[in-house]
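Trainee: Could you walk me through this model? I would like to start with the surface and then go inside.

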Amino acid sequence: MNRKITVYKDTNCGEPRESMVDSQITVAGWVHKRRDHGNLIFIDLRDRSGLLQVVFNPEFSTAAHDLAQSLRSEWVIQVTGKVVSRLSGAENPDLPTGAVELSATDLVILNRAITPPFEVSDDVEVDLNTRLKYRFMDLRRPRMQEILKLRHRVTHMMWDYLTEKEFTQVETPILIKSTPEGARDYVVPSRVHPGDFYALPQSPQQLKQLLMVSGVERYFQIARCFRDEDLRADRQPEHTQLDLEMSFVHQDDVMAVVEELYTRIVKETVPDVAVNGPFVRLTYAESMERFGTDKPDIRFGMELTTITEIAATSDARVFQAVASSGGSIRGFVAPGCGNYGRRQTDDLTEFAKSSGAQGLVFIAIDESAPSIDALEDDHIKSPLKKFLSVDVVKKIAPEMGAGPGDLMLIVAGTDKLVNTVLSNLRNEMAKRLEMVDRKVLAFVWVYDFPLFEWDEDLKKFEPAHHVFSSPKSEHMDYLDTDPGKVIGTLWDLVCNGSEMGSGSIRIHDKNLQTRLFNIIGYTEEQISDRFGQLLTAFTYGAPPHGGMGLGLDRFVAILAGEDAIREVIAFPKTQSAFDPLFEAPSRIEDQQLEDLHIRVVMPKV
RNA sequence: GGUCCCGUGGUGUAGCGGCCUAACAUGCCUCCCUGUCAAGGAGGAGAUCGGCAGUUCGAAUCUGCUCGGGAUCGCCA
């Protein structure tokens, strides 16, 4: 053993094995646990590689043993000694190093620690505020170390793979210009230009398109993006995305790159998780029809069925009214839930209402029913039973694919509402019925999104995705006649029901881009102020190009099996966008404000 | 901005109108202990129950407001 990792240690705690018995080693790390037997002291020493049991025995070194008595949790020490086999029967099979231990001859205390706020261990549940306030301690936990390493591996593979594919990484500025559409900007005052502000980028969108005009051809960046919007489990004010853009490509070229990259990452980082290949492809229309959402979780069935016409033939007023007003009646089958009691169905109704539904219609088919054909009145349970004849149920059930013992869940209303409610309800039922296989990653490309969405409140078209996406060439005519019908060359990558990223083929023509801005109601002034640089660039020879922005935090969270992205971010913020460790945001000095030409006006209480 | 859940020694929980001058586990401190690894044994310190106001003879326990955390709707091109 003649190696040296650093001046402080030549071996990592997690390394010693039987084969190293009799070697003289020096390790350094944190006191994980001490067990003091008086004349014999055991220390579990921890570094990032794992745990090693160190024994202080006065027979080998009284000095080290005496000093070891003072050791406490989380002290930082350096120990030299000999690797020895453990006494027979004293091995610890739970520890990779459990067959051996370090018989200490020298102990150096590198630093002491006050009593930690919580134990550095995976099995203690600690209040989130405390964890974040002491994030430096929280990150010592093996699980958090593992996540940090996982995240590193993912970004490393992105660099490697994209480099292999001849992408160039380019950094774009963090101080850019506010373009106040979409999310709220984080804003930075300028000292040099009184009254003027920079904004932090919501994404490097315009910059990467400019890089395409610059002839970079293949660009990527692990880019930080900022949005001043309310937080969620899967949303932080700053998040990281894999941003990439390619010239001379069509949709399939971009998808191929991302699909290969993501598949490779999943296979290498979480080999025990199954990933579907090739990724499923669904048009937006098909996804909405079958799942009621543009981010379908396809790990389970329970797909939606439309029964507007059949349901309208029943005596149920709700159904008749919705059908005649152009709404839809849709539902899905919860298999084996025909025996749900009042409490369970009430619960589901409540859930549906919380998603915006007026109500939830369910039809339960008793499992004693011999078949749907032989269905009798007694076999049916439903709040609308009075209005649903056996004949109507006999038509609805086969249409929806329900059999004896099943529960049909039906919602009526506007298309949008029905889809929202049913897709939420479908995910909820999958959770309740434990139909979700956590060892599966089901990737879906959802493509052919409409370019615009009609905003009922503002009475105008809004970009459904973003303003730079190219309309399908065959839909150009609709731009003037019926913008709502225009399909864009834009797509999302979805995994297990969450959006992992979105991409599109961009517009590279000034006139077309201007037409789109006009459709969503931007004035000439707004266009030149916010997008002038891009439009100008387009007049100097812009190649056709397209690309994607892919959420890194969500991807790592999915790989790690975490629900909240804050678990995969080293220093995240709380739901009120506060950092308990630094206590940011905070007041600044009056002098700073003065330098920035800023006066603070506090809100009235 | 709305709705819901949570807030008790360092940490995690119990208590949910008087039995609480607040319990348990763990951590912490002192002492004992040569084979432990959830070490063990003996002893000890430590919270007025997020804050404020109210109801009540009496509040950790009920009510209102407020602060903080979380989930979610709005929002997030």
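Mentor: On the surface, Asp-366, Glu-367, Glu-376 and Asp-378 gather in a patch of negative charge. This is a predicted model, in which local features need pLDDT of at least 70, side-chain atom pairs count only at pLDDT 80 or more, and totals for chains, interfaces and linings use all residues. Residues are numbered from 1 along each chain as its sequence is written, chains are lettered from A and ligands numbered from 1 in the order in which they are written, and side-chain values use heavy atoms, with hydrogens and water left out.

Trainee: What makes a patch, by the way?

Mentor: A patch is made of residues with over 30% relative accessible area and no salt bridge, like charges being joined within 9 Å and nonpolar side chains (Val, Leu, Ile, Met, Phe, Trp, Tyr) within 5 Å. A salt bridge here is a side-chain nitrogen of Lys or Arg within 4 Å of a carboxyl oxygen of Asp or Glu.

Trainee: And where does Glu-376 lie?

Mentor: Glu-376 lies in the loop between β15 (361-365) and β16 (380-381); helices (H or I, at least four residues) and strands (E, at least two) are DSSP runs, numbered from the N terminus.

Trainee: Which residues form a nonpolar patch?

Mentor: Val-7, Tyr-8, Val-108 and Leu-110 do, with about 380 Å² of accessible area together, by the Shrake-Rupley method with a 1.4 Å probe. Val-108 sits in strand β5 (residues 100-111) and is partly exposed, at a relative accessible area of 36%, where buried means under 20%, exposed over 50% and partly exposed in between.

Trainee: Switching to rings, how many aromatic pairs are there?

Mentor: The structure holds 13 aromatic pairs, a pair being rings of Phe, Tyr or Trp (its six-membered ring) with centres within 6.5 Å, stacked if the planes are under 30 degrees apart, edge-to-face if over 60 and tilted otherwise. One of them joins Tyr-284 and Phe-449, whose ring centres are 4.9 Å apart with the planes at 40°, so the pair is tilted. It links distant parts of the chain, with Tyr-284 in helix α7 (residues 284-291) and Phe-449 in the loop between β19 (443-447) and β20 (452-455), 165 residues apart.

Trainee: Is Phe-449 buried or exposed?

Mentor: Phe-449 counts as buried, because its relative accessibility is 6%.

Trainee: Why is helix α16 called largely enclosed?

Mentor: Because 7 of the 9 residues of helix α16 (residues 552-560) are buried, among them Phe-555, which also belongs to an aromatic cluster with Tyr-262, Phe-279, Phe-443 and Trp-445.

Technical notes
Lys and Arg count as positive and Asp and Glu as negative; His and the chain ends are not counted. The place of a charge is taken as NZ of Lys, CZ of Arg, CG of Asp or CD of Glu. Buried means under 20% relative accessible area, exposed over 50%, partly exposed in between (1.4 Å probe, protein chains only).
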